[in-house]
Amino acid sequence: MAEGTTSRTPSTSPPSSEPEGDAYLNRRTLRRGSAGWLLLTGLGVAYVVSGDFSGWNIGLSKGGFGGLAVATLLMGAMYACLVFALAELSAILPTAGGGYGFARRALGTWGGFLTGTAILIEYILAPAAISIFIGDYVESLGLFGLESGWPVYLACFAIFIGIHLWGVGEALRFSLVVTAIAVAALLIFAVGAFTEFTAGGLDDIPVDDEAFGANSWLPFGLLGIWAAFPFGMWFFLGVEGVPLAAEEAKDPVRSMPKALAISMGILVLLALLTFFAASGARGSAAIQEAGNPLVVALQGDGDPTALSRFVNYAGLAGLVASFFSLIYAGSRQLFALSRAGYLPRFLSLTSRRKSPYLGLLIPGALGFALAAGTGNGARMLNIAVFGATISYALMALSHIVLRRREPELPRPYRTPGGVATSSVAFVLALSALVATFLVDKDAAFMALGVYAVALAYFALYSRHHLVARAPEEEFAALAAAEAELERK
């Protein structure tokens with residue numbers, strides 16, 4: 001069928017434009033079998049590890065040590081429940097669409113687009129925030145006299161997008177090496193920081209006597225716990241992106257659940273060590289607004305030590321690992337949405353090395369422009385969290401809907417606790433979404449504005465021009481056809 005003609009997919013699916021023959025999909029293929037469970041586990045940790053080096057500490061200025069501790073515990077529970085649900089969904093639908101594909105099957109085209117757009121907001125804004133944090137670390141090292149600013153941000157995007165254009169296998173192996181360095185550095189940091197640990201430093205932030213429920217552990221009161229949600233998330237933000245590598249994975253049905261579970265276990269351990277060691281070594285007040293909190297925790301206002309310089313360099317590696325991996329995740333989400341027609345189709349074209357080059361270059365250009373134009377990592381972080389929380393709620397809802405609507409669907413992996421587990425993730429994700437308005441309502445409304453523009457494009461144009469042969473659309477069409485046969 002020629003490009004631009006219209007066909008009907010089964011049941012309630014909207015009209016879809018199906019390009020002629022296999023040529024369309026042949027120009028939009030990824031390199032399969034490039035990642036086993038080890039590379040996928042490394043990818044899951046790499047998405048997140050920068051959050052241990054910078055960003056989380058801002059939550060101390062919102063909730064104090066106690067508030068951030070409770071927020072991190074609740075957000076950790078949300079991510080654990082979500083990861084269990086995603087492990088089941090990724091074994092059922094191993095495609096590059098990840099969360100968009102899950103929601104497309106469970107919630108229809110609107111649900112798929114809402115989820116995919118939210119994930120894109122996260123994966124475009126998070127690298128922008130991390131590039132700013134990289135600039136802070138580069139400046140603190142005094143490398144070549146560089147200061148945090150647009151030249152550093154541009155170098156980050158140009159170098160690391162270039163590696164992705166080289167090929168996915170090479171990119172993931174690079175990411176694994178850098179991530180291993182960063183994890184080793186966090187363990188070494190914890191050993192060094194715990195030698196200077198004092199419990200009194202944990203609750204040294206001045207108490208706001210007017211805040212309800214305020215005390216030394218909750219200096220900003222009970223509301224401070226809620227306001228710290230987005231920063232508690234920073235210890236885990238991005239791990240949900242592992243399923244985006246499904247089409248490039250070896251045996252995704254088995255490797256995805258394994259990689260997700262191991263990644264989450266490693267991240268929980270690193271969060272506990274980093275949070276307690278950094279806060280207790282120098283005091284919560286000293287690190288609450290630092291761009292490089294681990295370095296401040298080790299040296300304070302004094303001269304750099306051998307350990308603080310090592311952690312500074314390694315912190316740079318951790319930030320690079322997450323920056324690099326989130327660019328990968330964003331490109332795959334954009335690729336999947338474009339291939340299926342939700343976004344302009346040319347964005348899903350792949351190179352001879354099977355890299356979605358426009359899916360890398362265009363989000364990279366947007367991320368650089370945002371970082372250079374604002375220089376506000378905390379605001380970029382909050383917008384990224386806004387997108388993330390919407391996608392989490394919709395992915396958890398997708399798990400619930402598929403369990404109830406398609407109970408007989410083959411499930412090579414089943415979520416422990418079933419819908420009760422995904423329901424916990426759903427409720428906590430909605431709570432975190434509201435928390436973004438408590439932290440920075442301007443950032444949240446900016447994200448809503450972007451969302452509104454995207455939804456207008458979908459409503460007026462792209463939902464009438466979907467590609468029926470895209471994998472995620474075929475999965476949904478097959479389910480609709482089977483449901484219709486059952487009704488007959």
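Which helix is Thr421 found in? In this predicted model, Thr421 belongs to helix α15, residues 419-439; helices here are DSSP runs of H or I with at least four residues, strands are runs of E with at least two, and both are numbered from the N terminus. Local features were taken at pLDDT of at least 70 and side-chain atom pairs at pLDDT 80 or more, while totals for chains, interfaces and linings use all residues of the predicted model. Residue numbers start from 1 along each chain as its sequence is written, and side-chain values rest on heavy atoms, with hydrogens and water left out.

First, the overall picture. The mean pLDDT (the predictor's confidence in each residue, from 0 to 100) of the protein chain is 84, with 87% of residues at 70 or more. Residues 1-21 have pLDDT below 50, and this stretch makes 52 contacts in the model beyond near neighbours in sequence; a contact means heavy atoms within 4.5 Å. The protein chain is built with 17 helices and zero strands. Of its 488 residues, 61% are buried, where buried is under 20% relative accessible area, exposed is over 50%, and partly exposed is in between, using a 1.4 Å probe and protein chains only. Taking contacts between residues at least 6 apart in sequence, 81% join residues at least 24 apart.

Thr421 counts as buried because its relative accessibility is 10%. Setting aside neighbours within four places in sequence, Thr421 is in contact with Cys81, Phe84, Thr415 and Pro416. Cys81 is itself buried, at 15% relative accessibility, and so is Cys156, at 5%. A search of the whole structure turns up zero disulfides, a disulfide being a pair of cysteine sulfur atoms within 2.5 Å. Gly418 sits in the loop between α14 (377-405) and α15, and its relative accessibility of 8% makes it buried. Gly418 touches His399 and Arg403, not counting residues up to four places away in sequence. Gly418 and Arg403 are 15 residues apart along the chain, and their C-alpha atoms are separated by 7.9 Å.

Next, the nonpolar cores, meaning sets of buried Ala, Val, Leu, Ile, Met, Phe, Trp, Tyr and Cys residues joined through side-chain atoms within 4.5 Å. The largest one has 139 residues, and those with the most contacts inside it are Trp56, Tyr79, Ile134, Phe189, Met233, Leu294 and Tyr392. Helix α4 (residues 99-141) supplies the largest share of this core, at 18 residues. A second, separate core of 15 residues includes Tyr100, Ala340, Tyr342 and Ala454. As for Tyr392, its partners beyond four places in sequence include Tyr79 and Met233, along with Met78, Leu82 and Ala429.

Trp56 also turns up beside Ile287, a residue of helix α10 (residues 284-287), whose contacts beyond four places in sequence include Trp56, Asn57, Leu60, Pro293 and Val296. Ile287 counts as buried because its relative accessibility is 0%. Ile287 and Ser61 lie 226 residues apart in sequence, yet 9.2 Å apart in space, C-alpha to C-alpha.

Helix α11 (residues 293-299) holds Gln299, which is buried at 18% relative accessibility. Its side chain makes a polar contact with the side chain of Ser308 at 2.7 Å; such a contact is a pair of N or O atoms within 3.5 Å, where, within protein, one must be able to donate a hydrogen and the other to accept it, and residues adjacent in sequence count only if both atoms are side-chain atoms. Apart from neighbours within four places in sequence, Gln299 is in contact with Arg282, Pro304, Thr305 and Ser308.

Helix α12 (residues 306-339) runs for 34 residues and reaches 50 Å from its first C-alpha to its last, close to the 50 Å expected at 1.5 Å a residue; the expected span is 1.5 Å times one less than the number of residues. Most of α12 is covered, with 29 of its 34 residues buried. After α12 comes Gly341, with a positive phi near 90°.

Helix α13 (residues 357-374) has 18 residues, and its end C-alpha atoms are 26 Å apart, in agreement with the 26 Å it should span at 1.5 Å a residue. Its buried residues are Leu358, Gly359, Leu360, Pro363, Gly364, Gly367, Phe368 and Ala371. Their cover includes α4, α5 (150-166) and α12. Gly375 follows α13, and its phi is positive, near 60°.
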